[in-house]
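Morning, everyone. Let's take a quick look at how this chain packs. Here it is.

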Amino acid sequence: MTVSVPLDARAGGPDLARGIALLGIALANLVGWLHGSAWTALLKQQDASAADRVVDVLLALLVDNRGFPLFALLFGYGIGILRRRSLERGERAGRFLRRMLRRFAVLLAIGLAHAILLFSGDILVGYAVIGMLCALLMTRGRVVLAAAAIVTLPALGVLGWVDGTVGLGGGTGYAAASAPDYLAGVGIRAPDALHGLLLAPIEEIGLLSPMALGALMARGALLEAVPAHCRRLGRLARWGLAIGLVGAVPLTAVLVLDPAHARLDVEVVLGILGVLHQVSGLVGAVGLAAGAALLAARWGPRPAARAPGADGGLASATATATPTDTATATAAAPPPAGARDPLGAAVRAVEALGAVSLSAYLAQSVLCLLLFPPYTLDLGAQLGSAGAAALVLAGWLLMLPPAVLLRRSGRRGPMEHVLRALAGSRTPRTPRTADAHRARGGTR
């Protein structure tokens with residue numbers, strides 16, 4: 001059984017980035033729910049209204065092909081943390097891989113259920129399959145992991161090629177989005193889910209590039225030991241976000257200037273623009289993760305990191321601090337400037353949501369299932385990007401207070417609890433002293 005890190009000892013940066021990525025994924029997944037209008041680049045609607053097109057442009061610049069690389073990078077970062085802690089315990093590679101196999105088998109089952117019962121655009125199945133490969137490569141060393149990130153980058157670009165050229169195919173939406181009733185939707189999603197499972201090692205191999213990159217970042221605790229990496233994180237944030245934005249402009253311009261492909265209908269050109277959009281999105285994801293780490297360190301009080309270990313690596317509080325040590329350090333150290341300001345509260349709320357990202361991801365699909373299909377409110381055929389994005393944003397905001405309450409009570413999300421229970425993880429119980437309780441924001 002694996003002993004996990006308590007919630008109040010988790011690093012803020014990765015959780016903050018996950019919370020942001022959840023919104024990005026929900027907005028990007030709207031293309032899987034809207035139907036009835038011909039597609040253009042990035043699966044947007046050709047006949048969008050002015051308001052819808054404004055939202056489409058914002059999504060194309062900031063969200064599309066940016067949310068899921070960020071989530072994959074953070075997924076790999078999480079694998080890297082688990083491997084680092086495994087090495088600190090002196091665990092053999094075989095035992096680590098057996099634990100990861102059990103964990104990803106559970107995640108795979110959850111993903112299949114999600115893909116069949118809720119949403120055909122599930123990402124969990126691919127993450128589970130490619131995540132196991134990433135864990136295996138982690139035991140082979142840094143060079144092998146870096147090579148995997150580079151070699152699989154073209155496969156990630158293939159996904160961008162599809163996004164750039166999809167408007168030439170005449171599609172009007174996913175089949176499950178317009179299913180007349182729920183059982184018909186399940187009947188459409190089930191074969192697709194099984195097909196996706198069988199082909200995941202091929203179709204989803206591009207995910208290994210951001211995952212391996214995230215795992216490499218975790219080896220040096222880049223997003224956790226912020227003071228030690230402050231300058232590097234600053235450069236990554238500035239350049240990554242800038243490159244991500246600039247790389248999105250060409251395909252976004254096609255979306256605005258020629259959505260019906262009346263003039264630009266050359267598949268090779270559109271495909272190249274799609275690849276640029278996708279690869280720059282990975283760079284932008286690195287920048288956003290770095291910026292989130294800096295933001296969490298600036299606006300959210302975190303436990304102090306331990307000194308560098310004997311191996312020369314930085315051992316962060318996420319991996320090494322005991323609950324008692326964490327509570328004492330948090331209570332004794334003054335919070336950083338602005339931690340009690342509204343911005344600080346917002347940062348901590350998004351961070352809390354990121355800590356329950358699995359539950360939140362599934363909850364977003366439940367919300368969309370209640371809103372968009374023909375057999376519920378049928379908003380998928382009535383709304384464009386603007387109205388649908390407003391609903392998804394409202395749902396994301398409504399999940400913040402429950403996530404904060406879970407964090408303050410020291411509880412994980414329901415699906416995190418299921419995953420940990422079936423995967424054999426546990427958190428050590430520690431008596432909650434008055435000081436420790438207050439350090440977590442509680443009251444008597």
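Start with the largest nonpolar core: 93 residues, with Phe 104 and Leu 353 making the most contacts inside it. By nonpolar core I mean buried Ala, Val, Leu, Ile, Met, Phe, Trp, Tyr and Cys residues joined through side-chain atoms within 4.5 Å. Buried is under 20% relative accessible area, exposed over 50%, partly exposed in between, with a 1.4 Å probe and protein chains only. Helix α3, residues 67-88, gives this core its largest share, 10 residues. Helices here are DSSP runs of H or I, at least four residues, numbered from the N terminus.

A caution on the source. This is a predicted model, so local features need pLDDT of at least 70 and side-chain atom pairs 80 or more, while totals for chains, interfaces and linings use all residues. Numbering runs from 1 along each chain as its sequence is written, and side-chain values use heavy atoms, without hydrogens or water.

What does Leu 353 touch? Leaving out residues up to four places away in sequence, Leu 22, Ala 360, Trp 396, Met 399, Leu 400 and Ala 403. Contact means heavy atoms within 4.5 Å.

Next, helix α7, residues 153-165. Its 13 residues at 1.5 Å each should span 18 Å, and the end C-alpha atoms are 19 Å apart, which agrees. The expected span is 1.5 Å times one less than the number of residues. Buried in α7 are Leu 156, Gly 157, Gly 160, Asp 163, Gly 164 and Thr 165. Those residues pack against α3, α9 (208-219), α10 (230-257) and α11 (267-299).

Conventions
Helices (H or I, at least four residues) and strands (E, at least two) are DSSP runs, numbered from the N terminus.
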